[in-house]
Amino acid sequence: DQVLTATVIAPLRLLKLGRDERFRLTEFFERLLRGVRQLPGVLAASAASGPPVRAPQVSLAFRAEGARTTCDRVQLRIIAPDYLEVLGIRVERGRAFQATEPEPVALVNRTLERQCWPGSSAAGRVGELVGSRVRIVGVVSDVRTRGRRVPIDPELYLPMSMAPFASMCFVLKVAGHDPYAPAEGFRRLLRREDPEALLVTTASVEDLLSAPEAPLTTTATLLAAAAAATLLVAVLGVYATCAADMRLRRKEIAVRFAVGADPLALVVRQVTTSVVHALPGIGLGCMLAAWGAGSLAPLLFEVGRIEPSVYVACVLSLSLLIAAFAWSAARKVIAAGIWRVLLGE
């Protein structure tokens, strides 16, 4: 929430440096990151090799020593210091990266831990990535990077000092309600630091999340509107049916009252009869809903097609609604019917 992302490509001259001089690329992004943290309205900032809610562009072979199952490939994400804290990604086991590390280290997400070391912790394990040994110092919580309906990828994090990328995505935790407030200040800072650097795009995390979900959101909104209209028609129909039934039974109710029936008992009897008569229709509607829910599978997230609590709530709410309408109609018609009979209608 309230996080701005800004993707920056380093100057061309830094991209042409030899392998022994790639530390200058890291220095450029670290210097830019220090400036970003001083921008007005920025509470905290960090950077990574890609937007936090997008799948990494790099997938590498990973060999895990002591793994119980085969670990083929992992999604690689390079992160700067404080990246986990800015986004609220929890370290569940082990620790996060330190300012300086005596050896190559890595973090893994829970999915990779479960895949390679099911039933045990990955912290302290050793793996091989592109021919280099890395020690896993911690396990972090999973982050959905391919949408809410796609399984989470096994992901491995490396510190930016180990493997600088040509482009980095800065993440800025922003104060206030407008996540785009520091955007112009970020552009001026980038031009001041190095005019050759390229700002590719700026976007809030909220916009990054909503873009792929927009078609589903529109469909869900239309379905919700249609469901609300259908419910309104059903409510009016139920009330009209209850009222018409009671009007047809005015003389019967008056006769029952004349021979000593209790008005309250008559109302309760009518309410019970209305609910009992409606239950088969409610049951049929639930069966049709269960049959048709398969077409809504793309819109469901962490909710099954047959969700017992939803169906129970529907049956109870409709039964209570019918009972309330029957009670209201019965009271009005009983009162009117009694007095009209007594007056000689």
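The stops below move from a helix to its salt bridges and then to the cysteines.

This is a predicted model, in which local features need pLDDT of at least 70 and side-chain atom pairs count only at pLDDT 80 or more, while totals for chains, interfaces and linings use all residues. Residues are numbered from 1 along each chain as its sequence is written, and side-chain values use heavy atoms, with hydrogens and water left out.

Select helix H5, residues 183-193; helices (H or I, at least four residues) and strands (E, at least two) are DSSP runs, numbered from the N terminus. Ala183, Gly185, Phe186, Leu189 and Leu190 are buried here, where buried means under 20% relative accessible area, exposed over 50% and partly exposed in between (1.4 Å probe, protein chains only). Seen down the axis of H5, these buried residues fall within an arc of 155°, so they line one face of the helix; the arc is that of the directions from the helix axis to the C-beta atoms.

Next, select Glu193 and Arg31, whose side chains meet in a salt bridge at 3.1 Å, N to O (a side-chain nitrogen of Lys or Arg within 4 Å of a carboxyl oxygen of Asp or Glu). The pair links distant parts of the chain, with Glu193 in helix H5 and Arg31 in helix H2, 162 residues apart.

Finally, select Cys314 and Cys286: the sulfur of Cys314 is 6.1 Å from that of Cys286, its closest cysteine sulfur, too far for a bond. With a disulfide taken as a pair of cysteine sulfur atoms within 2.5 Å, the count comes to zero.
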